[in-house]
Each structure stands twice: as structure tokens, then as C-alpha cells.
Amino acid sequence: MILVIDFGGQYNQLIARRVRDLNVYCEVVPYTKAIEEIKAKSPEGVIFTGGPNSVYAEDAPKIEKEVFELGIPILGLCYGMQLMAHSLGGEVKESSQREFGKTEFKLEDNEIFKDIPKESIVWMSHVDKVVTLPEGFKIIGSTDNTEIAAMTDEKRKLYALQFHPEVNHSEYGIKMIENFLVNICNVKQEWTMANYAKKTIEDVREQVKDKKVLLALSGGVDSSVVAALLSKAIGDQLTCIFVDHGLMRKNEGDEVEDAFKNSGMNFIRVNAKDRFLGKLKGVRDPEAKRKAIGEEFIRVFEDEAKKIGKVDFLAQGTIYPDIIESGVGDAAVIKSHHNVGGLPDVVDFTGLIEPLRMLFKDEVRRLGRELGLSDVLVNRQPFPGPGLGIRVIGEVTEEKLEILRDADYIFRQELEKNKVENLSQYFAVLTENRTVGVMGDFRTYDYTLALRAVHTTDFMTAEWVRIPYEVLDKVSVRIINEVGHINRIVYDVTSKPPATIEWE
């Protein structure tokens with residue numbers, strides 16, 4: 001176990017991904033909870049992230065000096081290095097020459113640089129720098145503009161790098177992280193999906209014992225993996241409830257039912273379209289829609305639980321990005337996920353089971369393969385729990401849903417037929433904007449449809465996909481000709497960040 005202490009750096013999740021890719025488990029915690037989390041979890045090592053602040057500013061994030069006296073190896077990166085120096089009596093000042101981008105780095109012999117050339121390229125992104133070492137430290141790396149680009153107090157196992165080893169631009173950055181984990185923290189690289197599955201199944205059995213579990217099954221990759229995991233753990237104590245809330249894509253409800261009805265699991269489909277559309281009537285704000293959908297999901301599950309006898313646990317396919325974006329802990333709320341920030345305050349279950357809550361999306365897919373799920377389910381395009389409810393901008397009505405279903409189906413069909421590459425998620429959004437058009441010499445005043453396609457690995461960041469113009473043209477012509485009430489189509493060319501993948 002490695003703890004990544006978040007000081008607001010843009011690469012904090014990437015650091016966690018790099019550690020996990022090296023088969024070492026880690027978690028990200030805010031700096032405000034660092035000391036209590038370190039004491040509670042007893043990690044083998046700690047990594048401080050970068051951050052946008054200056055350590056000498058009055059309101060800059062700080063950390064208790066006690067952290068450095070616990071005997072746990074610490075690696076400080078960028079702001080994390082400056083914080084380490086500042087906290088231990090060194091001096092940090094604004095640099096007269098800022099360093100941004102690729103920089104030539106020269107290193108001294110040290111365990112953290114084992115099997116790395118004396119000179120290599122690293123990725124710098126800093127305004128301040130350490131100008132005076134804390135007592136007990138020595139310089140182990142430098143650049144032309146930064147004399148102290150890497151430092152260590154080997155006796156206390158404190159290491160720090162002014163650059164970002166976690167990004168691909170740092171040639172040997174991943175090797176440096178691995179050296180810290182293996183040579184300094186002495187961790188074993190044993191965190192695999194096979195081990196994760198085994199331990200999680202044991203944990204679920206211990207938590208559930210002889211009680212019953214109800215799983216909120218959407219048919220997406222996350223809840224499908226949870227279904228497979230829980231089925232192996234507790235067998236027929238599990239009941240999978242698929243709530244067809246009327247906000248699914250074209251034919252999707254039937255497809256989900258076909259995938260699970262002969263799986264050997266207790267599977268129930270609940271058709272609740274009228275309930276959900278009733279709750280969404282007149283609701284326009286996206287956060288209010290998410291919360292309304294989240295609460296109604298719970299109420300449906302409570303009603304179904306009463307029909308099958310006493311159910312103690314509700315299981316969900318919550319994953320790590322859901323937790324982060326919903327503002328758990330000290331993180332800012334980006335949007336409430338219906339299964340996290342969208343949960344009502346009062347829930348008629350004694351406990352929640354969320355076995356994927358610390359996994360990124362690609363890790364969930366790896367776990368699914370480990371559990372023997374089919375490629376059709378494991379590689380299925382993600383679909384948000386609130387469904388088309390957050391892809392219809394403004395108030396949701398059955399008329400708008402039908403328009404969007406048909407347009408979205410054509411978009412996905414053409415991308416798949418034309419084998420467009422690097423597609424992680426792709427969908428249509430029905431905006432509230434109406435524009436003037438002309439069809440058959442007649443004036444029209446109808447909806448603008450937005451198309452969105454992104455490529456990503458962990459869904460924390462994403463790049464928009466460069467769809468060939470001829471494919472976009474075919475999509476546009478088909479939608480205009482085959483779907484009513486749309487007279488203009490636009491393509492979203494915004495990455496995440498600054499945008500989120502979904503529009504709402």
C-alpha cells in the first residue's frame with residue numbers, strides 16, 4: 001500500500017495510475033487528512049503530489065512535520081519537494097528563470113536512479129525552487145537552471161524531485177517511481193486483478209455472511225463486473241435488479257435483459273419509466289435531475305427488496321472517478337454521480353457494497369476479464385446511470401427522448417460501421433437550442449443536436465476523437481433525413497479537462 005497525498009496537483013490521479021501499473025496498490029487522500037490516513041493505513045511509502053501554490057504563501061497547503069518523523073519513506077514531487085524542503089528548514093524562492101516543459105536532467109548515483117543514464121529528459125513545470133537544502137539533505141540531481149532538481153536525506157528515507165516523473169515526457173520517470181517503490185519502500189509488486197478479485201470476494205463474504213444483497217444492475221461494464229464478482233462470492237444470496245427507467249438508449253433495455261436472463265443469477269427487470277419521468281417533470285437543473293434520478297433508483301430498489309424478503313445490503317458499480325468527481329472528502333464537486341452524491345440521506349438498507357469504488361475504468365475491465373465476463377460486456381461503451389436524462393438538456397420529456405434515441409443510434413451505428421478508431425465513449429446530446437433551417441423550401445425552427453466522441457483510458461481525462469469528415473457528413477445527412485425535429489448538428493471538440501465527458 002502506497003498513499004498519494006494530494007496537494008491539488010493536476011497529475012495526482014496519474015501518479016496513482018503509475019503506481020498501480022507497477023502492480024502496487026495505492027490510494028489518493030487529501031493533504032488535510034494525511035496524518036490520520038497514514039496512521040490508520042500504515043503504508044509502506046508516501047508520495048506528495050505537485051500543486052499550484054507557493055509553499056511560502058500564507059494560505060498554501062501544509063502538512064504536519066510529524067509526517068517526516070514516522071520512519072515511512074516519502075517521495076515529494078514538484079510542490080511536494082518544495083513543501084518537504086520548506087517544512088524541514090530549507091528555503092524555497094521564486095526562480096528568476098522558470099522551467100516549463102522538457103528539460104535535460106543530470107543525476108548523481110542513488111538508489112532512486114538505479115539503472116538510469118546520467119543524463120535524460122524530464123518534464124518540468126515550476127515557478128519556485130529549492131535554493132537551500134534542509135539539514136541532512138544532499139543534492140542528487142540538477143538542471144542548467146535548477147541546481148537542486150533532486151534531493152535526499154537517505155537516513156530518513158526522504159526523497160524529492162522537482163520534475164514530474166509520472167508523465168510520459170520524463171524519459172525514465174516510471175523507472176524512478178519503480179525504484180522508489182522497490183528499492184526504498186521495499187514493496188512487493190503483487191497487486192494484480194487476480195489477487196484483487198480473490199481478496200474482494202473474501203471481504204464480501206465476511207461483510208455479507210448469510211444476509212441478502214440487492215444489486216443495482218444497469219448492464220454497463222461496472223455493474224456487470226460487480227454482478228460477476230458478487231455471484232462468485234455469495235451465489236443466490238444476490239438478486240440483480242435492472243431498473244428500466246425509460247432513459248435507456250434504443251433497444252438497450254431488451255439487450256440488457258437478454259445478456260443476463262440466462263446467466264444463472266437472480267435477475268429481475270423493473271419497468272419504471274412512468275415513475276422516473278414523473279419525478280423529472282419540470283426539472284431543468286442538471287444537478288437536480290441527477291439527484292432526482294438517484295433518489296428514485298433507491299426508492300425502486302427499496303420497493304423491490306420488500307417483494308423478495310428482507311434485504312440488508314445494496315450493491316452498486318461505483319468506481320473511483322465517481323467518488324472523485326462527486327466531491328467526496330475535500331475534493332470539489334464537479335457533478336453528483338447518481339450512485340454517490342445523488343443518494344438520498346435516508347436509505348432503507350443497512351449497508352452499501354461497492355467493491356469497485358477504488359478502481360479506475362480500465363482496471364474494472366481487467367477485473368471483468370479475470371472473472372470470465374464476455375468481451376461484449378467488458379468492452380461495452382460506458383453509459384451513465386441517469387441515462388439519457390443527462391443527455392437531454394433541460395426538462396426531460398418522452399418526445400425529446402425518442403428524438404435523441406433515434407439520432408444517437410444512427411451516430412453510434414455509423415461510427416461502428418466505419419470502424420472509427422480510438423473510441424472510448426460516443427453519444428449524441430439533444431440541446432435546448434432551436435435554430436432556423438430550411439427543408440423543402442420551408443422554414444424550420446427545430447433542435448440542435450450535439451455529437452460527442454472521446455478517447456480515454458481512465459475517464460479522468462479524455463481527448464476528443466478526430467472523426468473523419470466523410471463519416472461526420474454521413475451521420476449528419478442520415479440524422480437530418482431520418483429523425484424529425486432536428487435541423488442542425490454540431491460536433492463537440494472539447495477535451496476533459498476543461499469539459500467533462502458528459503454535458504450534464
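Predicted model: local features only at pLDDT ≥ 70, side-chain atom pairs only at ≥ 80, totals over all residues.

Asn186 is exposed, with a relative accessible area of 53%, where exposed stands for over 50%, buried for under 20% and partly exposed for what lies in between, using a 1.4 Å probe and protein chains only. Residues are numbered from 1 along each chain as its sequence is written, and side-chain values use heavy atoms, with hydrogens and water left out.

Back to Asn186, which sits in the loop between α4 (173-184) and α5; the helices I name are DSSP runs of H or I with at least four residues, the strands are runs of E with at least two, and the numbering starts from the N terminus. Most residues other than glycine have a negative phi, and most peptide bonds are trans. Asn186, although it is not a glycine, has a positive phi of about 60°. Lys209, in the loop between α5 and β10 (213-216), is another residue other than glycine with a positive phi, here near 55°, and with a relative accessibility of 52% Lys209 counts as exposed.

Staying with the backbone, which peptide bonds are cis? The one from Lys496 to Pro497 is cis, with omega near -15°, and the one from Pro497 to Pro498 is cis as well, with omega near 15°. Pro497 is placed in the segment after β18 (486-491), and Pro498 is found in the segment after β18 too.

Let me turn to the helix pairs. Two packed helices are described by the angle between their axes and the distance between the axes. The axes are lines fitted to C-alpha atoms, for helices over the stretch in contact, and the angles run from 0 to 180 degrees between N-to-C directions.

The axes of helix α5 (residues 193-208) and α6 come within 9 Å and cross at roughly 60°. That makes α5 oblique to α6, given that angles under 35 degrees count as roughly parallel, over 145 as roughly antiparallel, 65 to 115 as roughly perpendicular and the rest as oblique. On the α5 side the contact, meaning heavy atoms within 4.5 Å, is made by Ala197, Thr200, Ile201, Val204, Arg205 and Val208, and on the α6 side by Leu229, Leu230, Lys232, Ala233 and Ile234. The residues of this contact of α5 with α6 divide into eight nonpolar, one polar and two charged, where Ala, Val, Leu, Ile, Met, Phe, Trp, Tyr, Cys and Pro count as nonpolar, Asp, Glu, Lys and Arg as charged, and the others, Gly among them, as polar.

Helix α6 also meets helix α11 (residues 361-370), and these two axes come within 10 Å and cross at roughly 40°, which makes α6 oblique to α11. Here Val221, Asp222 and Val225 in α6 meet Lys361, Val364, Arg365, Leu367 and Gly368 in α11, and the residues of that contact divide into four nonpolar, one polar and three charged.

How do the axes of helix α13 (residues 398-417) and helix α14 (residues 469-482) cross? They come within 9 Å and cross at roughly 150°, and that makes α13 roughly antiparallel to α14. Among the residues that make the contact are Ala407, Ile410 and Phe411 of α13 and Val471, Lys474 and Val475 of α14, and the contact as a whole divides into seven nonpolar, one polar and four charged residues.

Next comes helix α7 (residues 252-260), whose buried residues are Glu252, Gly253, Val256 and Phe260. They cover an arc of only 105° around the axis, taken from the directions from the helix axis to the C-beta atoms, and this puts them on the same side of α7. The cover over these buried residues includes α6 (221-234), β11 (238-244), β12 (266-271) and α12 (375-378).

I will finish with Arg156, in the loop between β8 (150-153) and β9 (158-161), which counts as partly exposed at 27% relative accessibility. Leaving aside residues up to four places away in sequence, Arg156 touches Phe68, Glu69, Leu88, Glu135 and Phe137. Arg156 and Phe137 are 19 residues apart in sequence and 9.6 Å apart in space, C-alpha to C-alpha.
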